[in-house]
Amino acid sequence: MSFPVSHAEITQRCTNLAHQIADNLAERQSDDGSFLLPDFYAKAFAANLWARIDRDTYRINIDRALHALTHQPQDKSYHREFIEYALRDMPGLSQQRRLEILRSSPNQCPDVANWQILGLINRQSRASGICDKAVSIAHFHFIRSRYWRSPAFLDRPRCFSAQYHAFCTALLTESKIPSQQKMAKTATRLIADMTGAHGYANLLGRGAGQSFGAVCALFTLLKYGATDQASAILRHLEIAFDKCGSLPLNLLSPVPLPPNPGPANPKTPGWYSYNRHDDYLAFAGYWLFKTANLAPVKTAITPQPQPDQASQVFLFSSGHYHAQMALCGEQCFDYAPVPVIVSGHREKACLFLPPTGGEQDSPSLYGPATVPLPALNDGETAHFTRAKRRSSNHVEIAFELAGIKGQRNIIFSENGVTIKDQLGNTQSEKANLFRILMDENLELSQKSDTEFAVPKIGVTITSDHPLTLDKKDAFSAAGAATRITAHGANCATLKLRWEDQG
């Protein structure tokens, strides 16, 4: 039996981890103020963190970072919104010094919710006149209409990301404007529902499993008193730091950073071309230290018996597992054609079916082979068309393969999940169905050509069609994976069944 974790215990653990990250950043900083790896905004958030912890202890590091920021090229990749946010929130930094660093650099203003909210927060933080306040009001209404679909913030229009939902929420939790506070509290309930007792806060959409979203979720959950969920996230952060000697970018695969990190390196899963290790490290330290200084709340948010689910998100929990799906998106990392499943709860929670997909605009680990939809022998993969919630335990996915329409139906029950794939034209060339990716760390035991067992989590996998396993080009956001396929079929049913363990 586990006892509830207190607010004071969580804040102390956050303080300890933030101090470790601050020291780690100091070790990684070069004499010229830069870090070991390229970064976009690490210097600004690291300087903020050092100033918050102990300005005297880290004075040399702070001076180096600010000097490097002053001379940083302000090209098209300059993260003005992030850097300004960190500098505006930095204790002891004068307005003149901040202006010297930012100079005349423009905002990037991409059509992405978290960037837009960062720009809004920065503008609201300035000493502004009537015109500036009017612009802020108009900007907030733009953000609300374009990205807010209660209780969810969209990452981009028609796309959901749990990571960037958490970041948007964290940014607005400290707002002094009532309408923004209300949005943040509503959005936090969704974070609590997705995090549950397993502590994986950001399993859906762009950036799945990364520390960036986890620390934001931790902050906003503790801000509103959800101590159980906050503690579960913090446990993953602490374990990852202990394993790696630093906080890894991807918490789903906590391994030490390899010498040549990047999207072409199989040892850095969960890495997109825009990710930077020191950016995420400094960002995490900043939010952890802010979390450490949160005051307890009198009225905490509590789990809802029937969560208010956004139309873009599907959640299902039982005594055996927790499943979630993103039902919309533009790219393969946005939507979930197979549920992301965490088996077990609390300390026994184990990632079973991990998030899949990834950035494909540049070379990466995530090619068409990583999309868990049917494919042909020549490698052509089905295209996701839409996903629809049919009921509280039924999701229907529509796809198209070689001009032929297909359908995947997923039904959830207390102790199992049933997945049925079917191509509409039975005279078509038979396809490879399912192609589901399972975490490679879970060993499979074969009982027959239609039945496998996963002893570690007490799951049996059965099908009405022979199954094959392979690992070729099989990568998820959690790293190397095992692919489960039914070859040469037009229709097949796969069942995942949890055995009761006394």
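Let's start with helix 4, residues 80–88: eight of its nine residues are buried, so the helix is largely enclosed by the rest of the structure. Buried here means under 20% relative accessible area, with exposed over 50% and partly exposed in between, using a 1.4 Å probe and protein chains only. The buried ones are R80, E81, F82, I83, E84, Y85, A86 and L87. Helices are DSSP runs of H or I with at least four residues, strands are E runs of at least two, and both are numbered from the N terminus.

A word on the source, friends: this is a predicted model, where local features need pLDDT of at least 70 and side-chain atom pairs count only at pLDDT 80 or more, while totals for chains, interfaces and linings use all residues. Residues are numbered from 1 along each chain as its sequence is written, and side-chain values use heavy atoms, leaving out hydrogens and water.

Zooming out, the protein has twelve helices and 19 strands, and 58% of its 502 residues are buried. Its C-alpha trace spans about 70 × 50 × 45 Å along the principal axes.

Now to charges. There are 25 salt bridges in the structure, each being a side-chain nitrogen of Lys or Arg within 4 Å of a carboxyl oxygen of Asp or Glu. Take D421 and R408, whose closest N and O atoms are 2.7 Å apart.

Next, D470 bridges to R483, with the closest N and O atoms at 2.4 Å. D470 sits in strand 16 (residues 468–470) and R483 in strand 18 (residues 479–489), so this bridge ties together parts that are 13 residues apart in sequence. R483 is buried at 5% relative accessibility, whereas D470 is partly exposed at 25%.

A polar atom of its side chain lies 3.2 Å from the backbone oxygen of A369. Setting aside residues up to four places away in sequence, R435 touches several others, including P368, A369, T381 and R483, where contact means heavy atoms within 4.5 Å.

Key
A polar contact is a pair of N or O atoms within 3.5 Å; within protein, one must be able to donate a hydrogen and the other to accept it, and residues adjacent in sequence count only if both atoms are side-chain atoms.
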